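Welcome, and please open the model in your viewer. We will walk through it one selection at a time.

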Amino acid sequence: MPIKSKYTLLVLILIFKVVAVFAQSGIIQNVGVPYVQNYTKYAYKSGNQNWSLVRGENGVMYYGNSDGLLSFDGNKWQLYKMPHNIIVRAVTTDKSGKVYTGGYGEFGYWDYDTNGKFVYSSFIDLIPKAERPTDEIWKIYTDGNRVLFQSFSRIYIYENNRFTVVRGNNSFLFLHKVGNRFFVEVLSEGLYELKGNALSFVEHSDKLGTSGVLSILPYKKNSYLIGTAKSGLFIYDGVDVKPWLNEGDNFLKTYQLNNGSFVLNKYYAFGTILNGIIILDEEGRIVQQINKSSGLQNNTVLSLYLDKEYNLWAGLDNGIDRIEINSPLYFYFDKVGRFGTVYSSIIYQDKIYLGTNQGLFYSEWADNNKSFYQSFDFKLIPNSQGQVWDLTLIDGQLICGHNNGTFRIEGTKIIPISNVNGGWTIKKFTQNSDKLIQGTYTGLVLYAKDESGKWKFSHKLENYGEPSTYVEMDNSGSIWASHPNKGLYRLIVDKDFKQVTQSKNFGKEQGLPSDFNINIFKVNNRIIFSTAKGFFIYDDISDKFMPYNQLNEKLGTFASSNKVIKAADQKYWFINHGKVALVNMAQPGRLEINTSPFSVLNGRMVQHYENISRISNTLYLISIDDGFVIYNQEAANQFKATPLPPVLVTQIENITDKSTVISELGHKGRPIRLPFTENNIRISYALPYYSQATVKFQYFLEGYSNNWSEWNFEIQKEFTNLAQGDYTFQVRAKVNENQLSETTSFQFSVLPPWYATYWAKIIYALILLAIIFLVRYLFNRKLRRDKIMLEQKLEQEKEEYKRQQQIETEQKLVKLKNEQLEVDLAGKSRELANSALNIVYKNELLQTIKDEVLHLNDLSDKSLPQDQFKKIQKIIDEGMSDEQDWQLFESSFNEAHENYFKKLKADHPDLTPNDLKLCAFLRMNMNSKEIASLLNITVRGVELRRYRLRKRLNLEHETNLTEYLLNV
């Protein structure tokens, strides 16, 4: 047989073995352990011990805790104290939402009162004093309309608001409900069935031993699987009791069975006192062992409960754990730090290999001939110490890329094939299947097969020495290599693949968003380049890079993935910095993106060195920081996700002055009505979904908002200063971006302010009516008053009209008189002007005569004697300065100008008579020559007098003298 076919056959045999193992195990896998989520006492802030668990009809988990009743809605823990702070040993719920609890000497139920507060009601007062419990209540079950409470001494059956008490000949151990049947062990006697209110002995139950019956579960063909503390497991078929031989028998006897749970209709989970949980299938084979070394907080399991989402809850002696038994992901953790951080993992030839920062480790991988339950014991392969980067299976040979070189792994031996440091990645050439190319710290290395078909070092590629974390070859034969800090290199090599003949570096200048962390992957035979801004492709025509929008738009948030790994068929793993999605590209133009099972891996993988290796078409080995994960896609396909529970409105608070709880019932409580002065509200909500997932919420307040909010992680919302009116709050949840819950809504109202209430409106109406009557009265009174005033006004208007007529008549008379006066004044002014002109004329004439006299001669043509001249001149001068003329002029001037001289004298008492004359002449607008004639002085004298007059009148230089005198 050819060597290549030989190794191919080995791989196929390995795949069929692994598939057979998982096919037998069904949904619960036998490799690794399911994911275990720990809820510590520091998280829930209550007592260590959790004696019982149940999930309510509303999805809330309730725990019987040593401090009281503990609840968890997926976001918030709440502790409710029992009377006297007793321990809650038992808890259950009914379909109405009541939560029944019991403890020492006390039992009753919790429910919401009319105010939406979760309160406790005791049943003790309904029981006669002689029958009241004086010990612990250990079990509580509902059965239609009945509720059964069991203590060591009595069974209390509550129905129709009354109790029936059932006693045994001896003390009871524990009551068990299986389907519709109830069984209880009576100490020192055996197992009894409770039928109605009576006990019926189960034949042959004495074979169960005396260690105590702690679990009864349904088994095949209407049989029952009975678990005892130290005597093992038994099958009761309705007739006889027989021991059940199984792989876990010694385990359960040694570590002391404490409780059990029927899981997924085909498995049996048993909690122990000393070593956690063991799960058996129907054939009695061990499927799982889960204890402190594999994830539990404590090995003492006080209670077990399987919820509707197939979470197996464990109430522990210290803490609470949730186990995802139905998950397609099963884990193996290095709890003791044996092998360090895992960078790569693979299964090869019945061994599982882990490449870590400390070396290469291996453990046996079980086949059909070994124990059904897979356990591991990892050991270091000698001489493999150091950083392991890569484990790759090529042509049936396992190649290990190591810090110290490259090795071939054969069983537990590590065989060096290259001493070139840092083998990051290795793969076949696209066009030459007989060659391998490897990216290392110092460039690219090529491998070829020797004569025996083993891969061996061939040579190092010349003319290129850059570190290369990713390497791919395109269809043209070019080699693409990525440098951690320098972007991309495209290399063209010679035909012998000996040396690089052409090298080109690509970065931001060629269209890439950065020169850093550009990774290279091949998807559907096309090379794509991952960046922080999404995937890019290379356009060889423009020699540029461009965004791969067709892929980026469909991938959503995974467009910024830093790693892509080939899965089976047309599926690829996209890893976005620790977040994982399995993408199916089988249908052209359409992507199926599955992220739901993988949210638990967030933050657990080694960043930039995430590794997922394919075991078969349905099995994958995923490397995580401190171990590995097995993903079973077949189990994932079989799993049908249960519908999401509705979102719970868990608390409503008034936050106006201080935070005050209005209701803890939310959408199922009575309508909430807020006073207007307390119109600030905080609404808290939660999704009672407990599997590891990403949960986002979206809300809408009808009557306040126009649209739904953006999806976010907030679990409460505040609304302040709400206007009066009715509101409907709606909220819904989304899990892992693809599963949507139903919308939960509740209504509340903000009452109107006191001034807008019903009674206020009645008062306003009465006030309005009173105002209308008052206005009407005042209007009528005003109307009467206005009528009187109108009559008075009409009378006044008549009188006023008469008065106005009289005034108009008088004004006409005055006007006529004034007109007459103006005519008279004009006449007097003319007379005054004529008089002045006559005086001027007279004076001029006398002056002419005076001048002519000087030239008179006698008959002998001799001049007249001087004394005659003087006499004549005196007469002429007296005529020119006749005071009577001035008095007559002054009198006429005063009549024409209303005592002008008196006004002038009053304003300017220093004026002389000559000044007054000058003022009068200037008032009449005479020129200097005329004034000189009247005053019998020269024109120069007139100017001199005008100057002195200005000074006496204190006139400014720019003030016109004549205008001033005209305005006096």
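Start by selecting Asp786 and Lys782, whose side chains meet in a salt bridge with an N to O distance of 2.8 Å. Keep in mind that this is a predicted model. Both residues sit in helix 6 (residues 758-853), four residues apart, or about one turn of the helix. Asp786 is partly exposed, at 27% relative accessible area, and Lys782 is partly exposed too, at 41%.

Next, pick Arg682 and Glu653. They form a salt bridge in which the closest N and O atoms are 3.3 Å apart. Because Arg682 belongs to strand 60 (residues 681-686) and Glu653 to strand 57 (residues 648-654), the pair ties together parts 29 residues apart in sequence. Are these two buried or exposed? Arg682 counts as buried at 17% relative accessibility, and Glu653 counts as buried at 8%.

Now select Lys486 and Glu466, joined by a salt bridge of 3.7 Å, N to O. Lys486 is in the loop between strand 43 (479-483) and strand 44 (487-493), while Glu466 is in the loop between strand 41 (455-460) and strand 42 (470-473). The whole structure holds 26 salt bridges; for a network of them, show Arg55, Asp307 and Glu309.

Methods: Residues are numbered from 1 along each chain as its sequence is written. This is a predicted model: local features need pLDDT of at least 70, side-chain atom pairs count only at pLDDT 80 or more; totals for chains, interfaces and linings use all residues. Side-chain values use heavy atoms; hydrogens and water are left out. A salt bridge is a side-chain nitrogen of Lys or Arg within 4 Å of a carboxyl oxygen of Asp or Glu. Helices (H or I, at least four residues) and strands (E, at least two) are DSSP runs, numbered from the N terminus. Buried means under 20% relative accessible area, exposed over 50%, partly exposed in between (1.4 Å probe, protein chains only).
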